[in-house]
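Subject: Structure handover

Hello,

I am handing over the structure we talked about. Please look through it first; my notes on what was found follow below.

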Amino acid sequence: MSDPGMRRFAGRRAVVTGGASGIGAATAARLAAEGAAVLAVDVAPEGRVAGVEYLRGDVSKEETWERVAAWGPVDVVVSNAAAVQVAPAHETSLASWDRQLSVGLTATFLAARRLLPGMSGISGLPGGSMVVTSSVHALVGLPGHPAYAAAKGGLTALTRQLAVEYGPYARVNCVLPGPVMTPAWDRVDERGRADSVRATVLGRFGEPEEVAAVIAFLASAEASFMTGACVVVDGGWSVVKDSA
Ligand SMILES: NC(=O)c1ccc[n+]([C@@H]2O[C@H](COP(=O)([O-])OP(=O)(O)OC[C@H]3O[C@@H](n4cnc5c(N)ncnc54)[C@H](O)[C@@H]3O)[C@@H](O)[C@H]2O)c1
């Protein structure tokens with residue numbers, strides 16, 4: 001789907017968290033294909049995207065962001081990693097809650113604090129660009145996701161806050177994916193998958209590349225008048241109500 005002629009990130013430097021799998025890997029590949037030098041950051045033992053540098057680290061730790069900063073100047077940061085443990089609130093331990101919030105929300109704060117002040121500029125714009133991966137869980141309640149939903153809702157508020165604090169110096173936007181076929185769905189059975197597909201207007205899972213395309217657009221100079229925006233990428237999941 002990527003136009004091979006597009007080079008929106010030529011000469012730019014981008015960091016993508018959760019970059020070893022799914023949406024993060026597709027985003028790293030897309031930014032690299034469009035000319036960026038990309039650093040993928042992930043806890044996985046190794047990166048899996050050709051042509052992308054890899055840093056193994058936990059994004060919820062400050063020291064990881066020191067290592068990222070040591071990589072050099074950054075024009076684009078995509079804060080995309082998340083942790084999820086499915087359980088109702090009364091079966092969620094405090095340790096699980098803390099972990100999901102620290103990976104899913106605090107890590108974006110750490111990224112912003114370390115990188116946004118130093119962003120050097122993209123394609124003639126006054127500053128760099130940050131894109132955050134939230135979720136439709138920020139909008140709609142689903143059983144078993146109290147910490148995940150709280151983190152994702154927090155990310156939409158944090159996106160607006162960072163946009164205000166760092167604009168016009170840097171732009172900050174977020175995407176809210178619906179069901180997208182990545183390894184995150186390995187733990188969901190066939191019935192759960194079918195239910196999720198039925199809950200979309202488009203009648204299918206999204207592909208990671210379809211979210212990566214929107215992230216790349218938001219990160220690029222084409223989105224030069226967008227900041228503080230939350231863009232839903234869900235095949236219509238959040239606009240349809242199954243009346244059956
Ligand atoms: N796939 C979907 O249906 C869907 C829907 C809505 C939102 N999202 C969001 O999209 C983002 C990417 O999800 P995905 O579906 O590609 O999942 P994925 O499991 O394929 O990839 C997530 C990556 O994050 C990494 N990661 C986890 N904890 C980390 C940590 N502490 N530090 C660094 N890396 C860490 C994992 O190792 C993994 O490589 C997440 O924020 C997720 O919440 C996904």
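Which residues does Met130 touch, not counting residues up to four places away in sequence? They are Val77, Ser79, Thr108, Ala111, Ala112, Leu116, Leu162, Arg171, Val172 and Asn173, where contact means heavy atoms within 4.5 Å.

Before the rest, the basis. This is a predicted model, in which local features need pLDDT of at least 70 and side-chain atom pairs count only at pLDDT 80 or more, while totals for chains, interfaces and linings use all residues. Residues are numbered from 1 along each chain as its sequence is written, and side-chain values use heavy atoms, with hydrogens and water left out.

The cores

Met130 is among the residues with the most contacts inside the largest nonpolar core, along with Val15, Trp65, Val68, Leu116 and Leu162. That core has 31 residues. A nonpolar core here is a set of buried Ala, Val, Leu, Ile, Met, Phe, Trp, Tyr and Cys residues joined through side-chain atoms within 4.5 Å. Buried means under 20% relative accessible area, exposed means over 50%, and partly exposed is in between (1.4 Å probe, protein chains only).

At least two residues of this core come from each of strand 2 (37-42), helix 2 (62-70), helix 3 (94-115), strand 5 (129-133), helix 4 (146-166) and strand 6 (171-177). Helices (H or I, at least four residues) and strands (E, at least two) are DSSP runs, numbered from the N terminus. Helix 3 gives the most to the core, with six residues. There is also a second, separate core of 23 residues, which includes Val16, Ala25, Leu218 and Val233.

The ligand

The ligand has 27 residues around it, and Ser21, Asp42, Asn80, Tyr148 and Thr182 come nearest. A residue is counted here if one of its heavy atoms lies within 4 Å of the molecule. By class, this shell has 13 nonpolar, ten polar and four charged residues. For that count, Ala, Val, Leu, Ile, Met, Phe, Trp, Tyr, Cys and Pro are nonpolar, Asp, Glu, Lys and Arg are charged, and the others, Gly among them, are polar. Helix 1 (22-33), helix 3 and helix 4 each supply at least two residues of the shell.

Some individual distances follow. An oxygen atom of the ligand is 2.5 Å from an N or O atom in the side chain of Asp42. Another entry is Val180, where a polar backbone atom is 2.8 Å from an oxygen atom of the ligand. A polar backbone atom of Val43 is 3.4 Å from a nitrogen atom of the ligand. Taken alone the ligand exposes 820 Å², and the protein buries 87% of that; these areas come from the Shrake-Rupley method with a 1.4 Å probe, and for residues only the protein chains shown count as cover.

Individual residues

Asn80, one of the residues that come nearest to the ligand, sits in the loop between strand 4 (76-79) and helix 3. Asn80 is buried, with a relative accessible area of 11%. Its side chain makes a polar contact of 2.8 Å with the side chain of Thr133. A polar contact is a pair of N or O atoms within 3.5 Å; within protein, one must be able to donate a hydrogen and the other to accept it, and residues adjacent in sequence count only if both atoms are side-chain atoms. Leaving aside neighbours within four places in sequence, Asn80 is in contact with Thr17, Gly18, Ile23, Gly24 and Thr133.

Gly24 is in helix 1 and is buried at 1% relative accessibility. Beyond four places in sequence, Gly24 touches Val16, Thr17, Gly18, Gly19 and Asn80.

Arg8 lies in the segment before strand 1 (13-17) and is buried, with a relative accessible area of 14%. The side chain of Arg8 has a polar contact of 2.8 Å with that of Glu34 and one of 2.5 Å with that of Glu222.

Asp98, in helix 3, is partly exposed at 41% relative accessible area. Gly128 is in the loop between helix 3 and strand 5 and counts as buried at 1%.

Lastly, the peptide bond from Gly167 to Pro168 is cis, with omega near -5°. Pro168 lies in the loop between helix 4 and strand 6.

Regards
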